[in-house]
Amino acid sequence: MANFAPEGRGVGGAPSSATTVASAMLEHADRDIAFVMRFVGESQYLLNRHFQQVIEAELGRRTVVYGDHPFLRIFVETHARELTDFVLSNVALKHQFGLQAFERLAGDPMRLLRADVWDTLRSTIESAEAHFVSNLGGLGEILAEVAIARASPSEGFRDG
């Protein structure tokens, strides 16, 4: 059984508020926030198309062409996308800026960027919480099944 420790709880064991969590996260901003370089738009397409052409050429050298297999196009597109993601992720990981360096580059002496990040964190956390709560429709049924399984643990083995 999972152990839900009261770690990170607010007053009276209630969950911390989104405001509290966002503030706590920004306390670690200097070491935990990194800005990464990300290629978007046509650059992604150009790289993906390059890898499609490389894969098609390699298959052609092995006398494999479209029409030889119904899933060949999907194979080429999937592997080109994976290679594209690999390259773009690697570039992003190698070119990161810490928050302080980014603030210096952006000329943000008042730390307005941190305030914006805090506000975005808080509102996104609240949105995620609301989304979770709004999708609890089947939770009652799941809890009922868990209660039945707890009441008669040997029953689960007969069904399985």
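A polar contact of 2.9 Å links the side chains of Thr20 and Ser17; such a contact is a pair of N or O atoms within 3.5 Å, where, within protein, one atom must be able to donate a hydrogen and the other to accept it, and residues adjacent in sequence count only if both atoms are side-chain atoms. The structure is a predicted model, in which local features need pLDDT of at least 70 and side-chain atom pairs count only at pLDDT 80 or more, while totals for chains, interfaces and linings use all residues. Residues are numbered from 1 along each chain as its sequence is written, and side-chain values use heavy atoms, with hydrogens and water left out.

Thr20 belongs to helix α1 (residues 18-27). Helices (H or I, at least four residues) and strands (E, at least two) are DSSP runs, numbered from the N terminus. With a relative accessibility of 45%, Thr20 counts as partly exposed; buried means under 20% relative accessible area, exposed over 50%, and partly exposed in between, with a 1.4 Å probe and protein chains only. The C-alpha atom of Thr20 is 8.5 Å from that of Arg122, although the two residues are 102 residues apart along the chain. Ser127 is part of helix α6 (residues 112-134) and is partly exposed, at a relative accessible area of 46%.

Arg122 also takes part in a salt bridge with Asp119, in which the closest N and O atoms are 2.5 Å apart. A salt bridge is a side-chain nitrogen of Lys or Arg within 4 Å of a carboxyl oxygen of Asp or Glu. Both Asp119 and Arg122 lie in helix α6, three residues apart, which is about one turn of the helix. Asp119 is partly exposed, with a relative accessibility of 34%.

In the whole structure, eight salt bridges are found. One of them joins Arg114 and Glu103, with an N to O distance of 2.8 Å. Arg114 lies in helix α6 and Glu103 in helix α5, so this pair ties together parts that are 11 residues apart in sequence. Arg114 is buried, with a relative accessible area of 11%, and Glu103 is buried as well, at 6%. Asp30, Glu103 and Arg114 are linked in a network of salt bridges. Another salt bridge connects the side chains of Asp32 and Arg31 (3.4 Å, N to O). Here Asp32 is exposed, at 51% relative accessibility, and Arg31 is exposed, at 64%.

Aromatic rings were examined next. Rings of Phe, Tyr and Trp (its six-membered ring) pair if their centres lie within 6.5 Å; planes under 30 degrees apart count as stacked, over 60 as edge-to-face and the rest as tilted. By this rule there is one aromatic pair. The ring centres of Phe35 and Phe102 are 4.2 Å apart and the planes are at 15°, so the pair is stacked. Phe35 lies in strand β1 (residues 34-36) and Phe102 in helix α5 (residues 99-106), so the pair ties together parts that are 67 residues apart in sequence. Phe35 is partly exposed at 21% relative accessibility, and Phe102 is partly exposed at 28%.

The nonpolar residues were then grouped into cores. A nonpolar core is a set of buried Ala, Val, Leu, Ile, Met, Phe, Trp, Tyr and Cys residues joined through side-chain atoms within 4.5 Å. In soluble globular proteins, nonpolar side chains tend to be buried together. The largest core has eight residues: Leu47, Phe51, Ile55, Leu59, Leu72, Val76, Ala80 and Leu88. The elements that give two or more residues to this core are α3 and α4 (72-94). A second, separate core has six residues, among them Leu26, Ile33, Leu99 and Leu113.

Ala80, a member of the largest core, touches Asn48, Phe51, Gln52 and Ile55, not counting residues up to four places away in sequence; contact means heavy atoms within 4.5 Å. Gln52 lies in helix α3 (residues 42-61) and is buried, with a relative accessible area of 15%.
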